[in-house]
Amino acid sequence: MPDHLIAAYAVLWVLPFILIATIWVRQRRLERQIEHELALIAELKYEPYFLTVADIVRFARGRGILCQGRGSAANSAVCYCLGITEVDPARASVLFERFISRERNEPPDIDVDFEHQRREE
């Protein structure tokens, strides 16, 4: 077999494993991020707030009302998992502490924009 084919064959066999390793690292980082966020949300007793905002967003989207979480809430993997924001934390580097921190001692502010013509629904 020619050398260039041997090299191509080797690369072909290595690339999928590199991809799998990259995905695993991202997944593990995301798992740690979610665990960190959930622990802080529980410590500060914000669970009802997050679930309420998620219910409002689900209600609006269920009726075809365009809405989108924005602002510092986009730095939250939990907001993404709840469907509040669309910023995939696995693809972006997020700084959750911009959104919630123990030191600020103030509740989070999840900004959700709703379609202008249908806000009152």
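Me: Where does P89 lie, and is P89 buried or exposed?

Reply: The model is a predicted one. In this model P89 is placed in the loop between α3 (77–81) and β2 (111–114). Buried means under 20% relative accessible area. P89 has a relative accessibility of 2%, so P89 counts as buried.

Me: How far apart in space are P89 and W24?

Reply: In sequence, P89 and W24 are separated by 65 residues. From C-alpha to C-alpha, their distance in space is 14 Å.

Me: How are the rings of Y49 and F50 arranged?

Reply: A pair of aromatic rings is described by the distance of the centres and the angle of the planes. The whole structure holds 2 aromatic pairs. For Y49 and F50, the ring centres are 6.1 Å apart and the planes stand at 85 degrees. Planes over 60 degrees apart count as edge-to-face, so the arrangement of Y49 and F50 is edge-to-face.

Me: Which parts of the chain does the pair of F50 and F99 tie together?

Reply: F50 and F99 form an edge-to-face aromatic pair, with 5.9 Å from centre to centre and 80 degrees between the planes. Both of these residues are buried. Because F50 and F99 are 49 residues apart in sequence, the pair ties together helix α2 (residues 47–62) and the loop between α3 and β2.

Me: Which residues make the nonpolar surface patch, and is L12 buried or exposed?

Reply: The patch covers about 490 Å² and is made by L12, W13, F17 and I20. Of these, L12 has its place in helix α1 (residues 3–43). Exposed means over 50% relative accessible area. L12 reaches 58% relative accessibility, so L12 counts as exposed.

Me: By about how many helical turns are R28 and E31 separated?

Reply: The side chains of R28 and E31 meet in a salt bridge of 2.7 Å, N to O. R28 is partly exposed at a relative accessible area of 29%, and E31 is partly exposed at 32%. Because R28 and E31 are 3 residues apart in helix α1, their separation is about one helical turn.

Me: What is the distance between the closest N and O atoms of D55 and R58?

Reply: D55 and R58 both belong to helix α2 and are 3 residues apart, about one turn of the helix. D55 is partly exposed, at 44% relative accessibility, and R58 is likewise partly exposed, with a relative accessible area of 48%. D55 and R58 form a salt bridge whose closest N and O atoms are separated by 2.8 Å.

Me: Which residues are linked with R70 in a network of salt bridges?

Reply: D111 and R70 form a salt bridge, with 3.9 Å between the closest N and O atoms. This pair links distant parts of the chain, since D111 is in strand β2 and R70 in strand β1 (residues 67–70), 41 residues apart. D111 is partly exposed at 23% relative accessibility, as is R70 with a relative accessible area of 40%. The residues linked with R70 in the network are D111 and D113.

Notes:
Residues numbered from 1 in each chain as written. Predicted model: local features only at pLDDT ≥ 70, side-chain atom pairs only at ≥ 80, totals over all residues. Heavy atoms only, no water. Helix = DSSP H or I, 4+ residues; strand = E, 2+ residues; numbered from the N terminus. Buried < 20%, exposed > 50% of the residue type's maximum accessible area, 1.4 Å probe, protein only. Phe/Tyr/Trp six-rings, centres within 6.5 Å; stacked < 30°, edge-to-face > 60°. Patch = residues over 30% accessible without salt bridge, like charges linked within 9 Å, V, L, I, M, F, W, Y side chains within 5 Å. Areas by Shrake-Rupley, 256 points an atom, 1.4 Å probe, with all protein chains shown as cover. Salt bridge = Lys/Arg side-chain N within 4 Å of Asp/Glu carboxyl O.
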